[in-house]
Amino acid sequence: MSTQTETIRRITVPQIRERKGGEPIVSLTSYHAHTAAIAEKYCDFLLVGDSLGMVMHGMESTVGVPLDLMIMHGKAVVRGTKRALVVVDMPFGSYEESPSQAFRNAAKIMKETQCQAVKLEGGARMAETIKFLSERGIPVMAHIGLTPQSTNIMGGFKTQGRDEESWQFHIDDAVAVAEAGAFAVVVEGVVEPLADRITKAIDVPTIGIGASKTCDGQILVMEDMLGLNDWVPKFVKKFGAVGAAIEEAIADYAEDVKSRAFPTQDNVYGSNKK
């Protein structure tokens, strides 16, 4: 008698968009297959963020991340998942020049990684590009507020909206990208009441990071929330102490190697000789 296994279907872009005002959307960054396979059990979408330049490759900012590096990590995350929607960041310099440039590079990302959407930074100034991509079959997640690729202009990773007079600028950014066709908007590093205003001003989900619990979802850098980094921003809650556990394991391994306690007979191969 044959048995049928249940088909696992990926969460889709429309399903994420329909979560506006509903059950909070859970998300994390992910850069490799094995952590993606774990995270997708609990996350609605995974973001292959250009933060991988800093987290995985020791860069000082995300500005130096090349397109091919995003594609390489994007492939790994897609291979490691079956259920979660996978979104890949468009790195600095791959989309700002023109909508046509953005389409070429977004299409390359989607073809080579088989991801379901791309993310790009910028508000009203990127609305034309978001519309161009969306109309041509490329789902776009927008990103406003603190935009890491623009930190050289911003003068660092600075919280946005401290001055209430600037709020309308950020609200207008959110409205512009939503009306252009973005299916969700990451709202990063803005004061809580502004994030609340933005969430209420648009009809697509907001994904908060350093924003407000009233956002339609939340995202964190996985390595930050796992406790792999000693210093993390104020908006990060450490849900684990993985860094300390890794160090303890390596220290124990080194001690066993030096004392010749490892390998034991259980860890070596014998011959067939009798």
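Strand β1 gives the largest share of the lining of the largest pocket, 5 residues. The model is predicted; local features need pLDDT of at least 70, side-chain atom pairs count only at pLDDT 80 or more, and totals for chains, interfaces and linings use all residues. Residues are numbered from 1 along each chain as its sequence is written, and side-chain values use heavy atoms, without hydrogens and water. Strands (E, at least two residues) and helices (H or I, at least four) are DSSP runs, numbered from the N terminus.

The largest pocket holds about 1,400 Å³ of space. A pocket is an open set of points on a 1 Å grid over the protein atoms alone, where a 1.4 Å probe fits, with protein on both sides within 12 Å along at least five of seven lines; lining residues have an atom within 4 Å of a point. Of the 50 lining residues, Ile209, Leu220, Pro233, Phe235 and Val236 are the closest to the pocket centre. Elements giving two or more residues to the lining include β1 (25–29), β7 (206–209) and α10 (222–225). The lining divides into 26 nonpolar, 13 polar and 11 charged residues. Ala, Val, Leu, Ile, Met, Phe, Trp, Tyr, Cys and Pro count as nonpolar, Asp, Glu, Lys and Arg as charged, and the others, Gly among them, as polar.

Helices α5 (residues 99–113) and α6 (residues 127–135) pack at about 45 degrees, with axes 9 Å apart. Axes are lines fitted to C-alpha atoms over the stretch in contact, and angles run from 0 to 180 degrees between N-to-C directions. The contact (heavy atoms within 4.5 Å) involves Pro99, Ser100, Ala102, Phe103 and Ala106 of α5. Helix α6 contributes Glu128, Thr129, Phe132 and Leu133. These contact residues divide into 6 nonpolar, 2 polar and 1 charged.

Definitions and conventions: Points joined across faces, edges and corners; volume = space filled by probe spheres on them.
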